[in-house]
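Me: I am new to reading protein structures and would like a close look at a single part of this one. Could you take me through it step by step?

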Amino acid sequence: MSAEALAFSPRRVGAMILRYWYLLRSSWPRLIELIYWPAVQMFMWGFLQLGVARQTGAVMAAASTFLAAFLLWDLLFRGQIGFSMSFMEEMWSRNLPNLMISPLRPVEFVIALMVMSVIRLAVGFVPVTILAIFFFGFNLWDLGLALVVFFANLFFTAWAVGMLCSGLVMRNGLGAEGLTWSMMFILLPLTCVYYPVTTLPLWVQPIAWALPPTAVFEGMRALVIDHVFRADLMLWALGLNLLWLAAGAASFVVLLGKAKQAGALIQTGE
Amino acid sequence: MDVATKSNAIEADGLAKRYSDTVAVDGISFAIARGTITGLLGGNGAGKTTTIGMIIGLVAPSAGSVRVFGADMARDSYRVLGRINFESPYVDLPHRLTVRQNLTVFGMLYGVADIAARIAKLSADLDLGEFLDRQAGKLSAGQKTRVALAKALVNEPDLLVLDEPMASLDPDTADWIRGHLERYRAGKNATILLASHNMFEVERLCDRVIMMKRGKIVDDDAPERLIARYGRQNLEEVFLDVARGRARPALSAETAS
């Protein structure tokens with residue numbers, strides 16, 4: 001890779017963010033979609049938590065984490081979808097070749113997609129957390145500084161998976177679009193969003209611990225139930241995330257090269 | 001940088017592209033001088049779009065190389081991408097963005113200094129004013145083609161690669177655009193590479209025509225010399241001779257050199 005390929009321009013990143021912002025503000029269905037599903041699921045988990053809270057002991061303690069678990073899972077899922085959706089917009093509008101023959105570097109493209117995933121999530125996620133306070137008296141923001149660490153770790157995982165999904169779509173065309181929507185769900189049972197890692201069979205537990213979000217969800221339960229911030233878990237998640245981000249970036253670059261070899265960029269489609 | 005690189009915008013050497021069992025481009029070599037307009041002709045599946053893809057760095061060659069302004073497009077394309085632009089019917093601009101928004105975004109990507117002034121100039125040159133603030137997806141086919149051309153000119157490229165640029169345009173608008181391209185080339189000494197099925201367009205615009213068939217270059221000459229050599233009235237008849245495999249006159253000594 002030449003030195004020019006590594007050159008970085010904030011203006012080009014800004015151009016891409018502006019492109020997605022123009023799109024977002026021009027389409028009210030896109031804005032509604034950002035809030036709709038998180039809100040529906042928040043109500044479902046909120047009422048479930050209320051129902052189970054009438055129990056006592058361990059059941060009640062576990063249930064008290066449902067809303068926090070859902071909101072953090074939603075952040076992970078929507079962080080990846082926000083990244084991938086912006087990328088998919090280029091495929092749907094057949095604009096990707098225009099970008100690939102422009103001076104836009106892959107790293108600038110990826111950073112713009114990361115920023116957009118944060119913006120898209122903020123549009124949908126913040127109102128839903130406020131609804132959770134209003135309807136269920138649950139204030140996610142009470143988690144304080146720990147929340148920033150949780151958010152950062154979950155975004156890192158979301159971006160790593162987003163880079164892999166986008167690379168696969170770039171290489172294989174819109175036929176691989178389904179992966180964008182479904183890939184994160186393989187993490188749902190394994191990352192122990194709603195139950196402790198010890199619930200899993202013994203042989204599955206090492207796999208779970210190799211997934212960065214597992215440490216975040218365990219850390220969240222430690223904070224909500226035991227009021228303890230587990231810095232060790234967050235450091236473990238951060239270390240794993242660095243590996244995942246490197247793997248995600250490598251997969252994006254390799255799949256971009258494969259797409260060029262396959263001639264997939266000259267006529268983007270299925 | 002050698003002399004050839006300085007005088008040529010594009011240099012292809014043994015350029016080939018193979019997709020599993022299919023040979024799309026079969027080891028072609030050519031050079032295109034700066035400041036010229038060259039037509040790339042051939043029937044469907046001749047390898048024109050793949051050749052263009054390799055020239056602009058969208059497709060990786062299986063063998064050989066292509067250099068644009070001296071940069072190997074498979075390894076060092078970012079050195080020259082800011083000096084190139086491209087338009088193709090296979091590529092669109094984001095539909096929900098207005099024409100002005102699209103040009104603003106691409107102006108920023110290409111590092112255009114005064115984007116508002118550049119958009120105003122393009123709007124005047126290509127008569128975009130009427131729909132500058134309309135969404136790109138809601139334009140007629142002819143308007144979309146003009147907007148795509150405006151995007152391709154936003155950075156005032158030294159190399160403009162056009163794949164079927166006049167498709168969907170009525171004869172009046174197409175003629176007007178051809179005039180604009182001629183003025184652009186003359187004003188900037190830009191190089192234009194044009195793939196087209198419109199023989200009249202190629203005959204009028206191009207200094208030189210490269211004819212492709214089944215991934216190979218089967219002829220390469222100025223349009224008027226091709227017409228004379230084949231003993232035909234126009235380039236369309238030459239094209240049909242080539243496409244249907246009729247006997248081809250030998251290249252003149254001047255062309256061969």
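Reply: Happy to! Keep in mind that this is a predicted model.

Now look at its partner. B:Arg204 forms a salt bridge with B:Asp175, with the closest N and O atoms 2.3 Å apart. This pair ties together distant parts of the chain: B:Arg204 sits in helix α7 (residues 199-205) of chain B, while B:Asp175 sits in helix α6 (residues 171-188) of chain B, 29 residues apart. B:Asp175 is partly exposed too, because its relative accessible area is 36%. As a general idea, side chains of opposite charge can pair when their charged atoms come close.

Over all chains, the count comes to 23 salt bridges. In chain A, the side chains of A:Arg12 and A:Glu108 meet at 2.7 Å, N to O. They too join distant parts of their chain, with A:Arg12 in helix α2 (residues 10-25) and A:Glu108 in helix α7 (residues 106-136) of chain A, 96 residues apart. Both A:Arg12 and A:Glu108 are buried. A:Arg78 and A:Asp74 also form a salt bridge, at 3.1 Å, N to O. These two lie in helix α5 of chain A, four residues apart, or about one turn of the helix. A:Arg78 and A:Asp74 are both buried. Back in chain B, a network of salt bridges links B:Asp219, B:Asp221, B:Arg225 and B:Arg229.

The contact takes 40 residues from chain B and 36 residues from chain A. The area buried between them is about 3,400 Å², with carbon and sulfur atoms giving 62% of it. B:Leu58, B:Tyr78 and B:Leu109 supply 24% of the area that chain B buries against chain A, more than any other three residues. One salt bridge is found across this interface: the side chains of B:Asp92 and A:Arg94 meet at 3.3 Å, N to O. There are also eight residue pairs in polar contact between the chains. On the side of chain B that touches chain A, the largest share, seven residues, comes from α3(B). By class, this side has 22 nonpolar, eleven polar and seven charged residues.

B:Thr191 is in strand β8 (residues 191-195) of chain B. B:Thr191 counts as buried because its relative accessibility is 2%, and the cut-off for buried is under 20%. Its side chain reaches the backbone nitrogen of B:Gly35 at 3.1 Å. Contacts of B:Thr191 beyond four places in sequence include B:Ala9, B:Ile32 and B:Asp158. B:Ile28, in strand β2 (residues 22-33) of chain B, is buried because its relative accessible area is 3%. Beyond four places in sequence, the residues that B:Ile28 touches include B:Ala12, B:Thr51 and B:Met212.

Conventions: Residues numbered from 1 in each chain as written. Chains lettered and ligands numbered in written order. Predicted model: local features only at pLDDT ≥ 70, side-chain atom pairs only at ≥ 80, totals over all residues. Heavy atoms only, no water. Contact = heavy atoms within 4.5 Å. Buried area = accessible area lost by both parts, 1.4 Å probe. Salt bridge = Lys/Arg side-chain N within 4 Å of Asp/Glu carboxyl O. Polar contact = N/O pair within 3.5 Å; in protein donor to acceptor, adjacent residues only side chain to side chain. Nonpolar A, V, L, I, M, F, W, Y, C, P; charged D, E, K, R; others polar. Buried < 20%, exposed > 50% of the residue type's maximum accessible area, 1.4 Å probe, protein only.
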